[in-house]
Amino acid sequence: MRSAVIADIHSNLEAFQAVLRDLEERGGADEIWCLGDIVGYGPDPHDCIKLLRQYRSACVAGNHDWAAIGKLDTSAFNPEAAAASQWTAGALTEEDADYLASLPLTLRQGDFTVVHGSPREPIWEYILSVQTAKANFGYFDSRYCLIGHSHSPLLFELDSKNSCRLHQLPEQLSLKTASRLIINCGSVGQPRDGDPRASYAIIDTEQESLWHYRVKYDFKFTQEKMLDADLPMCLVSRLSVGW
Ligand code: ZN
């Protein structure tokens, strides 16, 4: 079984389409696992939801998905994120909102637990340190956990001696290891690791491997649409540099 792992699309249709094209060129996948934040920040929330729903997918909710449908108070958001969330709410159809409201917080897909932020706190918690990762290994019982939210491709490994280490996510990751892993495959629509290309992964459970890919897309076109929609300038400019 082949699964595409995509996270944090953030209403960026051009990045999402580029990832889907790249996926197709690599032989496609049986299913898309979507790790939340389909919407928020970008100019095409409706079209991104519509496109995702054309695929067989397993999807969890992210904080921006909840904020856009009023399920989460945006007072904890920074002003630009809150403004974008308000704009997003007005761009969703009733069917879009129902879809976002229906998404669970956690899914189990075979050996993988799938969440947006962390298994301990799926909506809000960022896993960026070894300390936070180590605590979170106690909150899921599968071998692997896939996370998004920080928009940074990272890998946390808990070995058989209970020692936790942080690695950059490699281009190819063997899943034949005895370690348990927390894996962040980066963000499709708003990368924050200094590389503006869209980030996603393919998992092949028969080959017991994960491949991490970066895909160029036309972010200038996305930025023009964001300017037309009067979305905050800092959200527009960050797409050029990937932060
Ligand atoms: Zn996000």
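Trainee: Before we turn to the open sheet, what percentage of the contacts between residues at least 6 apart in sequence join residues at least 24 apart?

Mentor: The figure is 72%, where contact means heavy atoms within 4.5 Å. This is a predicted model, in which local features need pLDDT of at least 70 and side-chain atom pairs count only at pLDDT 80 or more, while totals for chains, interfaces and linings use all residues. Residues are numbered from 1 along each chain as its sequence is written, and side-chain values use heavy atoms, with hydrogens and water left out.

The protein has 8 helices and 12 strands, taken as DSSP runs numbered from the N terminus (helices H or I, at least four residues; strands E, at least two). In the open sheet, 6 strands follow the order 3-2-1-11-12-9 with mixed pairing, two strands being paired if DSSP finds at least two bridges between them. At the edges lie strand 3 (57-59) and strand 9 (172-174), each pairing on one side only. From one strand to the next the twist averages 20 degrees, with axes fitted to C-alpha atoms and angles running from 0 to 180 degrees between N-to-C directions. Strand 1 (residues 2-6) and strand 11 (residues 198-204) run antiparallel and are joined by 4 bridges; Ser3 stands opposite Ile203 in strand 11.

As for the whole, 57% of the 243 residues are buried, meaning under 20% relative accessible area with a 1.4 Å probe, protein chains only. The C-alpha atoms fill a box of roughly 55 × 40 × 30 Å along the principal axes.

Definitions and conventions. Buried < 20%, exposed > 50% of the residue type's maximum accessible area, 1.4 Å probe, protein only.
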